[in-house]
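Thank you all for coming; I would like to walk you through one structure today. Please have a look at the sequence and the model before I go on.

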Amino acid sequence: MSKLIIKNASELVTCKGTAPKHGKDMSHIGLIKNGCLVIENDDIIDVGSDQILKNYNEAEYQIIDAANKAVLPGFIDSHTHLIFGGYRADEFSWRLKGDSYMSIMERGGGITSTVRATRNTSLEEFISLGLKRLDKILDMGVTTVEGKSGYGLDYETEIRQLQAMKELNEMHPVDIVPTFLGPHSLLPEYKGKEDEFIELMIDVLLKVTEENLAEFADIFCEKKVFTIEQSRKFLTAAKKAGLKLKIHADEMYQLGGTELAVELGCTSADHLLQASDEGIRQLSQSNTVATLLPGTAFCLKEEYARARYMIDSGCAVSLATDFNPGSCFTNSIPLIIALAALHMNMTIEEIITALTINAAAALGRSDRVGSIEKGKKADIIILEYPSIYFLPYHAAVNIVETVIKNGKIVRGLK
Ligand code: NIG
Ligand code: FE
């Protein structure tokens, strides 16, 4: 049995809870000064002030002295397009000169260009790229990551992307939550045949669920991509097949994807740059997590989602990177923290909630991860500084020093 005690944490952030935190509750991060926690095997068995240590024989434990360091739950990146082939650096350079994401997409670039490259990428290549990407995100303290398919748009490639995530999950400490995003884009040959493509993706979805390759289904609900009706049809079929739901909603245009997310009971509604006041009101009354992706707004030079208004309205907000080869080729958690603090007016406490317990809720895993409390998996990070205030202050720099995944030290201290 492996046994570990982390003690003397200058700040121990628990984020205690098993459900998404809404509105003002996002500020309650359960910070304990001089905190301590006890881990046995994969799990946290006790948390509190250093007083609790009198109940344990420290000689039986490996001890980490976190004096002058802040300890938090591992970060959770609840929206990424982890597995893809090729890159689109040329497109990024065009955007720097004024081209728009949507116009590049309409000219046959954008997602279509990644689909071509992804179809030509083997399972082995996905795995070798995936391992490198997972190593980098683990360095930044990410212990659980969501990953979407969606760059195949055909049976073989979508399955290959999901298969790669399944294998990576077994090979690497970071847990991967797989999402089937078959309806991510419409190839030119399906123009005018959108409904036919949705039917095809529902067929693929059924195979995906038969083979247990995904936990979530997702769709890009967007003007000139998939309509509200098509999104409702696909997501309803996915729910019937037993998948949990996500939606790329109201990113460029206000279509009402936010309201659809609430109607269908989606676990999360993502992007939301253009979400309406009414959509936000409905979100606040629901258990659907509002997943905001400031890296995408930053890279596309768009206005940020209205995080302050959403939180003040009582929504449960989560933050994620949206790592992908097009709209947001960054998986930097430190950048997301800096953008949320400096450009979305989120407090440090809200940002931490958004990257831990609310991100876990956005993945349907808030019963197992996302907080430091008895019974949860021991996914823990230790910062190189004494206070959580250093997270946005050391802007866009990784200050995670030690990462513990399932009770094992996987980064930093050995
Ligand atoms: O979440 N919005 C749609 N999908 C991705 C972008 C994918 C891409 O550009 O390759 C996103 O931003
Ligand atoms: Fe995305």
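In the side chain of glutamate 251, an N or O atom lies 2.9 Å from a nitrogen atom of ligand 1, and I will call this a polar contact, meaning a pair of N or O atoms within 3.5 Å, where within protein one must be able to donate a hydrogen and the other to accept it, and residues adjacent in sequence count only if both atoms are side-chain atoms. This is a predicted model, in which local features need pLDDT of at least 70 and side-chain atom pairs count only at pLDDT 80 or more, while totals for chains, interfaces and linings use all residues. Residues are numbered from 1 along each chain as its sequence is written, chains are lettered from A and ligands numbered from 1 in the order in which they are written, and side-chain values use heavy atoms, with hydrogens and water left out.

Oxygen atoms of ligand 1 also take part: one is 2.8 Å from a polar side-chain atom of histidine 271, and a polar side-chain atom of histidine 81 lies 3.3 Å from an oxygen atom of the ligand.

Which residues coordinate the iron ion, ligand 2? They are His79, His81 and His248, each through NE2, and Asp322 through OD, at 2.1 to 2.3 Å, where donors are N, O and S atoms within 2.8 Å of the metal (3.2 Å for Na, K and Ca), and sites may look incomplete because water is not among the atoms. In sequence, these donor residues follow the spacing H-x1-H-x166-H-x73-D.

Histidine 79 has 0% relative accessibility, so it counts as buried, which means under 20% relative accessible area, with exposed over 50% and partly exposed in between, using a 1.4 Å probe and protein chains only. Histidine 81, at 2%, is buried too.
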